[in-house]
Amino acid sequence: MYTQERTTMANLVVGGPVAVNSYDNAIVAALLENRPVMLVHAFNGGYLRPAELKEESHDKGVKLATALDPDTKEAQGHLWYITPAGFFGQRPLYFIESAAGQVKPEPAGAGGADAGRGDDGAPKPQRRRVTVHQEAPKSTADTVQVGLPDKVGDNWRGKNGAPEDTQLWVVTVTPWGGITFVPITHPDAILGFKDHAVTADSEVRLTYNWGGDFTGTVINTFYPRLPSEWNVPYHHVFT
């Protein structure tokens, strides 16, 4: 059912034990270069976007959209950063951060230290992260919110006192050239959809990883696409 064109270039290992072909430059760019990408579902070609694009929104979730409207594109609501965030054992961890609604930091005071500045001296933008409900996936509440660490609801903050606890993800690269997200707070779950339905405007939830085919509605695998490639036909995906 699925076919993929591959080059014969050397393999790369990114984010896990699965070899990723050099053809999958978007995965490499997302995980190693921290470049924004689209996260496109392998099954129906829909893409992830925050339910609310405004920077002041911190209590809304994520949904799957199948049409890229001008407003979403203008606000960069179709783009995500997969930002390195340390390690869990030997597995690298990442934040899933929206390019929409970035908050510009305040300028540093004269002579004052500013932890929000990068090596080049430019202030780092604050990006809203995908954060997970403490009781997900058994909770019937919205299990995912997109917001700054200190702005999301209490149940979307870490139990151990660190707000990042519920925002850290293990990114697993699949043999099909996709990526699957596993939250460290719920290692038996993956980023899935409400009622397991991969349809337009499906609400993103954590769902138990019962196994099965990656093309199904339980195993949700995304193909990253670089911003310059968002309108390229998916020659290996039936929509």
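This note sets out backbone and aromatic features of the structure in numbered points.

1. Basis. The model is predicted, so that local features need pLDDT of at least 70 and side-chain atom pairs count only at pLDDT 80 or more, while totals for chains, interfaces and linings use all residues. Residues are numbered from 1 along each chain as its sequence is written, and side-chain values use heavy atoms, with hydrogens and water left out.

2. Cis peptide bond. Ala-136 and Pro-137 are joined by a cis peptide bond, with omega about -5°. Pro-137 belongs to the loop between β8 (129-132) and β9 (144-147). Helices (H or I, at least four residues) and strands (E, at least two) are DSSP runs, numbered from the N terminus.

3. Positive phi values. Most residues other than glycine have a negative phi, and most peptide bonds are trans. Gln-76 has a positive phi, near 60°, and sits in the loop between α2 (70-74) and β6 (80-88). Asp-201, which is not a glycine either, has a positive phi of about 65°; the loop between β12 (189-193) and β13 (204-208) holds Asp-201.

4. Accessibility of these two residues. Gln-76 is partly exposed at 34% relative accessibility, and Asp-201 is partly exposed at 49%. Here buried means under 20% relative accessible area, exposed over 50%, and partly exposed in between (1.4 Å probe, protein chains only).

5. Aromatic pairs. The whole structure contains two aromatic pairs. Rings of Phe, Tyr and Trp (its six-membered ring) pair if their centres lie within 6.5 Å; planes under 30 degrees apart count as stacked, over 60 as edge-to-face and the rest as tilted.

6. Trp-169 and Phe-181. This pair is edge-to-face, at 6.3 Å centre to centre with 80° between the planes. Trp-169 lies in strand β10 (residues 169-173) and Phe-181 in strand β11 (residues 179-183), so the pair ties together parts twelve residues apart in sequence. Trp-169 is buried, at 0% relative accessibility, and Phe-181 is buried at 1%.

7. Phe-193 and Phe-222. The ring centres are 6.4 Å apart and the planes stand at 55°, so this pair is tilted. Because Phe-193 lies in strand β12 and Phe-222 in strand β14 (residues 222-225), the pair ties together parts that are 29 residues apart in sequence. Both Phe-193 and Phe-222 are buried.

8. Charges over rings. Arg-127 lies over the face of Tyr-81, 3.5 Å from the ring centre, and Arg-129 lies over the face of Phe-95, 3.7 Å from the ring centre. The criterion is that NZ of Lys or CZ of Arg is within 6 Å of the ring centre and within 35 degrees of the ring normal.
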